[in-house]
Amino acid sequence: SKVTIPLNTIKDSLLENVSDISKVMFNSARLKIWAKNLEWKTDLKKTPYNYLLLVPRDSVVPFFAKNKTPDGITSFIAAYDTSSCAYAFDVTQAMQMEFKGAQKMEGDMVVIPVNRTVADMTYTSYVYTYSQVFTTSATRFLSSESEEESKRPRIDFVYTRRE
């Protein structure tokens, strides 16, 4: 699925409340995408994927070929939340860098189902590896044309304005 983050719309929204975007600090920015199980009579997997990866379209092959992990700047991971039937990508750091001029979030991004496995475990942390899921699921993502307005993809952000 293709994802376009509406940076100009976000910038215009911010400018309604602040005069200088460089003084805005993002506390939280989450891109939320809802999933819906289809009522198909099929042998396809009928549950949503456990994890989704969000990356620029031109970074898909290098991401897997170089065994990268999501960095929260150019690539993002989201786990399926069974209570909300949605995925929430934390794009806080990327948004902060975008509006400070340190990075450009350009081009189409894509959502890819992935498996996450523990590659290494230490006393205090885990190291994960990500691999692409090639099975098909009888689940679809709700789009910006969804009949349920409250379940259209959106970015919820909280920010602080410095004086």
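Student: What is the relative accessibility of tyrosine 126, and how does this residue count on that basis?

Tutor: Tyrosine 126 has a relative accessibility of 47% and counts as partly exposed, since buried means under 20% relative accessible area, exposed over 50% and partly exposed in between, with a 1.4 Å probe and protein chains only. The model is predicted: local features need pLDDT of at least 70 and side-chain atom pairs 80 or more, while totals for chains, interfaces and linings use all residues. Residues are numbered from 1 along each chain as its sequence is written, and side-chain values use heavy atoms, without hydrogens or water.

Tyrosine 128 is partly exposed at 24%. The charged end of arginine 116 sits over the ring of tyrosine 128, 3.9 Å from the ring centre; this requires CZ of Arg or NZ of Lys within 6 Å of the centre and within 35 degrees of the ring normal.

Strand S7 spans residues 126–132 and includes serine 131; strands (E, at least two residues) and helices (H or I, at least four) are DSSP runs numbered from the N terminus. Serine 131 is partly exposed at 35%. Leaving out residues up to four places away in sequence, serine 131 touches Phe64, Pro113, Val114 and Asn115, where contact means heavy atoms within 4.5 Å. Isoleucine 112 and serine 131 are separated by 19 residues in sequence and by 9.8 Å between their C-alpha atoms.

Tyrosine 87 is buried, with a relative accessible area of 0%. Alanine 35, in strand S2, contacts residues of this pair: neighbours within four places aside, the contacts of alanine 35 are Tyr80, Cys85, Ala86, Tyr87, Thr139, Arg140 and Phe141. Alanine 35 is itself buried at 9%. Between alanine 35 and threonine 9 there are 24 Å from C-alpha to C-alpha, at a sequence separation of 26 residues.

Ring pairs also link Phe26, Phe99, Phe157 and Tyr159 into a cluster. Glutamine 96 lies within H3, which covers residues 92–100, and has a relative accessible area of 13%. Beyond four places in sequence, glutamine 96 is in contact with Val24, Met25 and Phe26. Just after H3, glycine 101 adopts a positive phi of about 85°.

Definitions and conventions: Rings of Phe, Tyr and Trp (its six-membered ring) pair if their centres lie within 6.5 Å; planes under 30 degrees apart count as stacked, over 60 as edge-to-face and the rest as tilted.
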